[in-house]
Amino acid sequence: MMQSILLPNRYKVIGWILLIPSFLLGLYLLLFGFEPNWAKAKVLSIFPNNLMGEKGFFKMQEINITQTLIGVLFIIGGLLIMFSKEKIEDEYITKIRLTSLLWAVLINYSLLIVAFVFVYNLAFISVMIFNMFTILIIFIIRFHFLLYKNSKNLVSEK
Amino acid sequence: MKNRIKIERAILNITQDELAKRISVSRQTINAMELNKYVPSTLLALKIAKIFNTTVEAIFLLEEND
């Protein structure tokens, strides 16, 4: 079935190792706006459009890549967690996985509708930043909550 | 849908864990099926019937509202 696109279980650990620090750093970045000077790098920008006037396509730009790094690491970590097999991956776990994904997409877009209606102007940028990560976050929470609920049932049953 | 997995398991005198290992699924799956929370695939149903040495129909039964 969908086993073909899932990674072995050990990648899940790598996912958590990437996700947790980048989540904390990302939170810190959002709250206090920390962008260390050493994190500057020349990058290839497909569509540069800064206020200084430089426009065009495929230009090299010097930019602080703190956000880039944190964002990329967070998404890779989240994807590794999402797409790694459980220790015993069977059809029931697959079902939990798929229902969690449905949940995540539904809640994500419900929240986005609320944000569209009630958040305006510059504040909406924060909504968009959060929205880049909410599907991953909601999926991971829902999936592990269901697994936890099931394993709790096991203890009471014999 | 109802099933007789728990009863058949008691007759064979094996735990959820042992049954899970024999058909290579997690114990959670056996538990969910016994609690009627999960309807297994045809493949898994056939495997279960094989372990209990009977037919699928003898273990899985339709209910009125199915």
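Let me begin with chain B: for its 66 residues a compact globule would have a radius of gyration near 11 Å, and chain B, at 11 Å, agrees with that. The radius of gyration is taken over C-alpha atoms, and the globule rule is 2.2 Å times the number of residues to the power 0.38.

A word on conventions. This is a predicted model, in which local features need pLDDT of at least 70 and side-chain atom pairs count only at pLDDT 80 or more, while totals for chains, interfaces and linings use all residues. Residues are numbered from 1 along each chain as its sequence is written, and chains are lettered from A and ligands numbered from 1 in the order in which they are written.

To continue with chain B, its C-alpha atoms fill a box of roughly 30 × 20 × 20 Å along the principal axes. Chain B has 5 helices and 2 strands, arranged along the sequence as β-α-α-α-α-α-β. Helices here are DSSP runs of H or I with at least four residues, strands are runs of E with at least two, and both are numbered from the N terminus. Of the contacts in chain B with a separation of 6 or more, 54% are between residues 24 or more positions apart; two residues are in contact if their C-beta atoms, placed from the backbone, lie within 7 Å.

As for burial, 20% of the 66 residues in chain B are buried. A residue is buried if 20 or more other C-beta atoms lie within 10 Å of its own, exposed if 12 or fewer, and partly exposed in between, with C-beta atoms placed from the backbone.

Which residues of H3(B) are buried? They are Gln28(B), Thr29(B), Ile30(B), Asn31(B), Ala32(B) and Met33(B).

H3(B) is followed by Asn36(B), whose phi is positive, near 60°. Asn36(B) is in the loop between helix H3 (27–34) and H4 of chain B, and it is exposed because 12 other C-beta atoms lie within 10 Å.

The loop between H4 and H5 of chain B holds Asn53(B). The phi of Asn53(B) is also positive, near 60°, in a residue other than glycine. With 9 other C-beta atoms within 10 Å, Asn53(B) is exposed.

Thr54(B) also has its place in the loop between helix H4 (42–51) and helix H5 (56–59) of chain B. Is Thr54(B) partly exposed or buried? It counts as partly exposed, because it has 13 C-beta neighbours inside 10 Å. Apart from neighbours within four places in sequence, Thr54(B) is in contact with Ala49(B) and Ile59(B). Its C-alpha atom is 12 Å from that of Arg9(B), 45 residues away along the chain.

I turn now to chain A. Its secondary structure comes to 4 helices and 2 strands, in the order α-β-β-α-α-α along the sequence. A compact globule of 158 residues would have a radius of gyration near 15 Å, but chain A has 19 Å. The C-alpha trace of chain A spans about 70 × 35 × 30 Å along its principal axes. Of its 158 residues, 13% count as buried. Among contacts in chain A between residues at least 6 apart in sequence, 76% join residues at least 24 apart.

The domain assignment, which is automatic or from a database, divides chain A into domain 1 (1–86) and domain 2 (90–158). Their centres, taken over C-alpha atoms, are separated by 20 Å. Domain 1 of chain A contributes 8 residues to the contact and domain 2 of chain A contributes 6. On the domain 1 side, 6 residues are nonpolar, 1 is polar and 1 is charged. In this scheme Ala, Val, Leu, Ile, Met, Phe, Trp, Tyr, Cys and Pro are nonpolar, Asp, Glu, Lys and Arg are charged, and the others, Gly among them, are polar.

Helix H1 (residues 10–32) of chain A has 23 residues and reaches 34 Å from its first C-alpha to its last, close to the expected 33 Å, that is, 1.5 Å times one less than its number of residues. Gly15(A), Leu18(A), Leu19(A) and Ser22(A) are buried in H1(A), and what covers the buried residues of this helix includes helix H2 (66–82) of chain A. Just after H1(A), Gly33(A) takes a positive phi of about 55°.

Finally, the interface: 10 residues of chain A are in contact with 10 residues of chain B. Helix H3 (91–118) and helix H4 (123–156) of chain A each supply at least two residues of the chain A side. The largest share of that side, 4 residues, comes from H4(A). By class, the chain A side has 4 nonpolar, 3 polar and 3 charged residues.
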